[in-house]
Amino acid sequence: MTNEDSGNYILAADVGSDGQVNLREAYATGGMGLHGINGGNTGPDGLFGQGSVAVSNVTNMLVAVNPGSGTVSLFSINPSDPSNLTLIGDPAGSGGQWPTSVTFNKAGDSVCALNGGEVNGVSCFSVHQTSGLTPLADTTRYLGINQTTPAAGPTNTVSQILFSSDSSKLLVAYSGTTPTAPGYLGYYDIGVNGSLSKNFSAIAPPSGGVLPFSITPVPGQEAYVVADPALGFEVFDLTGANRSSAVAISGQGATCWSTYSPSTGSYMLIDAQGRIFEIAIDAATLQSTIIGNYTQFLGDGLIDSDVMSVNGTDYMYTLAAGINSLEVFALPAPGRLQSVQQFNISTAVESVGITVSSSMQGMVTYAKQ
């Protein structure tokens, strides 16, 4: 997602049999982007979060935020030609200001958006194949964070929204500000017809945690890996079994984004300063081990990442907003990340008649089910 204040676009790229990408088309969302306030810096991480674009492989839909318009846009994906997107209906009001993150439920028939501006909170929508997004009753909830539009960050900002794996909870990560005023991983229970509970359960990070940023599920567990730029990462265990932990990563500078590789079983943590950390987590105890520390990308401004399988090998796609590129990595085995492509987005978009800057944020992969 380009997140340009002159007009927001989704860039669609084909993935070849070798995992490498080739830009196909740019699609206007019908809304505007808007970079957050970061001490005058307009560099990478313009939305202080993860998940500004999401897809459903079940209903073949893509949803994206328009931070500058306070709206959310829905596209259909042609499963036979996935780089072929069609805007469905008009962009829907996000229910607040400066939307930054979106998520589909498991069935792909509901979307929720996270707003991070002066009017912050969540709102949800039903998904219609022909008419687009319709607000769901009893789903707008306000978080009451003292912020501006656009938000000033990256601290004191909401950072991601995500349905739990069984779609029984709607999760929200808030970064907090300092060790004495840390953030949280919170949730609303989801009720009849997709309504949200009035009560919001905010869970403080384990001892040592400060700035919960991303949310990546641990498969088969009611637990989540959460990047924390003040420390490294946390594991939140929502079962009450006392398996949560906060883990410091030596040498990290701003570890904010996370994703999971099913083939290797590894969690990949992305540091905005250009480092990638690979983590293994024991499924029974939730104890973690750092098995990879890749530092050859310093200065690239690495942010959003996602993993997909191509011909039996997992590949990680990482937006390098600092150099307006997309980095492609092969993950053939645990601890063996390999760089296979650095795709220059700035040059590629010239062919479709638009420009991009380091405001870019949001990237997701799609594979036909």
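View 1. Tyr-184 is buried, with a relative accessible area of 14%, where buried stands for under 20% relative accessible area, exposed for over 50% and partly exposed for what lies in between (1.4 Å probe, protein chains only). The model is predicted, so that local features are given only at pLDDT of at least 70 and side-chain atom pairs only at pLDDT 80 or more, while totals for chains, interfaces and linings use all residues. Residues are numbered from 1 along each chain as its sequence is written, and side-chain values rest on heavy atoms, with hydrogens and water left out.

Rings of Phe, Tyr and Trp (its six-membered ring) are taken as a pair if their centres lie within 6.5 Å, and planes under 30 degrees apart count as stacked, over 60 as edge-to-face and the rest as tilted. By this rule there are seven aromatic pairs. One of them is the edge-to-face pair of Tyr-184 and Phe-200, at 5.5 Å centre to centre and with 65° between the planes. Because Tyr-184 lies in strand 15 (residues 181-189) and Phe-200 in the loop between strand 15 and strand 16 (201-203), this pair ties together parts that are 16 residues apart in sequence. Here and below, helices (H or I, at least four residues) and strands (E, at least two) are DSSP runs, numbered from the N terminus.

**View 2. Phe-200 also pairs with Tyr-188.** Phe-200 is partly exposed, with a relative accessible area of 24%. The rings of Tyr-188 and Phe-200 form a tilted pair, with 4.7 Å centre to centre and 45° between the planes. Since Tyr-188 belongs to strand 15 and Phe-200 to the loop between strand 15 and strand 16, the pair ties together parts that are twelve residues apart in sequence. Tyr-188 is itself buried, with a relative accessible area of 2%, and ring pairs link Tyr-174, Tyr-184, Tyr-188 and Phe-200 into a cluster.

**View 3. Asn-242 has a positive phi on an exposed site.** Asn-242 lies in the loop between strand 19 (232-237) and strand 20 (245-248). Its phi is about 60° although it is not a glycine, and its relative accessible area is 74%.

**View 4. An open sheet of four strands has the order 25-26-27-28.** The pairing in this sheet is antiparallel, and two strands are said to pair if DSSP finds at least two bridges between them. Strand 25 (302-310) and strand 28 (338-344) are the edge strands, each pairing on one side only. Strand 27 (residues 325-331) and strand 28 pair over six bridges in the antiparallel sense, and Ala-330 stands opposite Gln-338 in strand 28.

**View 5. The largest nonpolar core has 37 residues.** Such a core is a set of buried Ala, Val, Leu, Ile, Met, Phe, Trp, Tyr and Cys residues joined through side-chain atoms within 4.5 Å. Ile-276, Met-316, Tyr-317, Leu-337 and Ile-345 have the most contacts inside the core. Among the elements that each supply at least two residues of this core are strand 2 (21-28), strand 26 (313-320) and helix 1 (345-349). Residues up to four places away in sequence aside, Met-316 touches residues including Met-268, Ile-276, Phe-329 and Leu-337, where contact means heavy atoms within 4.5 Å.

**View 6. Strand 3 and strand 4 form a hairpin.** Four residues lie between the two strands, and Asn-60 in the turn has a positive phi of about 55°. Strand 3 (residues 53-56) is covered on both faces, with Val-53 and Val-55 buried on one side and Ala-54 and Ser-56 buried on the other. Strand 3 pairs with strand 4 (residues 61-66) in the antiparallel sense over four bridges, and the bridge partner of Ser-56 in strand 4 is Met-61.
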